[in-house]
Amino acid sequence: MSRTPLIAGNWKMNGLLSDGTTLAKAVALGAKGAACDILICPPATLLAPIKEALAGTTVHLGAQDCHWQASGAHTGDISAQMLVDIGCSHVILGHSERRADHGETDNQVALKAAAAHNAGLMALICVGETEAQRDAGDTMSVISAQLDGSVPDSATSENTVIAYEPVWAIGTGRTPTAQEANQVHAHIRAHLRGRLGTEGIADLRILYGGSMKPGNAVDLLAQPDIDGGLIGGAALKAEDFLGIVAAAVS
Ligand code: PGA
């Protein structure tokens, strides 16, 4: 197995020019020499200044969404090409907050991911069950359906990362046990191998997201099928984010 862990910060709709660039610089400085890959996904308004702040560091820059068209009459949207143009290497797609706030469907997420692949971006595709789905025992079937609908056939280990984010764990301080999360990750890996074949996605990274903190990161990241984290709240403090980075390499 040659899966380098990826620790990704999803800043969501947080950060202004001054504090955002300060945070990005602090992360880059503290993460120097880290043995994992590190990604920061600030709001779109901060992509350009943070690209500049990260110059000369190994920290990657990503966006939180893109449109599936390359250009055109789509007021307020940003294309994958535009993200590449400004220096992004990654884009988060299908986050549960976008699915909830903007009614994004699996099919739209798949179109966006295919557009990201065409533009040369790494697509970080999010899936996850709600609490009601979990309570009904439907976690694995919900995840399978989301993978079938949201992951395009163009997905490989080179252009795609999956993030398993149980909706009930996002921003709540609650998490599945590390073993429970790992079971879902193993299911995701097996399901995608069944569909896409073992070769193209042999080194596919599957991140866990949802209330990951320095205190629970060690256990979660020690699981064989958990290859990193997608971090929300704890990505907004350099110390917390770097604590998780440290757990990924220990
Ligand atoms: P959280 O968010 O770490 O604040 O739970 C994770 C995410 O939504 O990506």
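This is a short chat about a predicted model of one chain.

Reader: Quick one to start: how many helices and strands are in the chain?
Author: Ten helices and eight strands.

Reader: And what about the radius of gyration, what does the chain have?
Author: The chain has 17 Å, which agrees with a compact globule of 250 residues, where the value would be near 18 Å. Along its principal axes the C-alpha trace spans about 45 × 45 × 35 Å.

Reader: What share of the residues count as buried?
Author: 50% of the 250 residues do. As for contacts with a separation of 6 or more, 73% of them come from residues 24 or more positions apart.

Reader: Switching to helices H1 and H10: at what angle do their axes cross?
Author: Roughly 30 degrees, and the axes come within 10 Å. H1 is residues 17-30 and H10 is residues 238-249. Angles under 35 degrees count as roughly parallel, so H1 and H10 are roughly parallel to each other. The crossing is right-handed.

Reader: Which residues meet there?
Author: From H1, Leu23, Ala26, Val27 and Gly30; from H10, Ala238, Phe241 and Leu242. Six of the residues in that contact are nonpolar, one is polar and none is charged.

Reader: Ok, Ala34. Where is its place?
Author: In the loop between H1 and strand S2, which covers 37-41.

Reader: What does Ala34 touch?
Author: Leaving aside residues up to four places away in sequence, Ala34 touches Val245 and Val249. Glu97, by contrast, is 30 Å from Ala34, C-alpha to C-alpha, and 63 residues apart from it in sequence.

Notes. Residues are numbered from 1 along each chain as its sequence is written. This is a predicted model: local features need pLDDT of at least 70, side-chain atom pairs count only at pLDDT 80 or more; totals for chains, interfaces and linings use all residues. Side-chain values use heavy atoms; hydrogens and water are left out. Axes are lines fitted to C-alpha atoms, for helices over the stretch in contact, and angles run from 0 to 180 degrees between N-to-C directions. Helices (H or I, at least four residues) and strands (E, at least two) are DSSP runs, numbered from the N terminus. Angles under 35 degrees count as roughly parallel, over 145 as roughly antiparallel, 65 to 115 as roughly perpendicular and the rest as oblique. A crossing is left-handed if the near helix is turned anticlockwise from the far one by less than a right angle, and right-handed if clockwise. Contact means heavy atoms within 4.5 Å. Ala, Val, Leu, Ile, Met, Phe, Trp, Tyr, Cys and Pro count as nonpolar, Asp, Glu, Lys and Arg as charged, and the others, Gly among them, as polar. The radius of gyration is taken over C-alpha atoms; the globule rule is 2.2 Å times the number of residues to the power 0.38. Buried means under 20% relative accessible area, exposed over 50%, partly exposed in between (1.4 Å probe, protein chains only).
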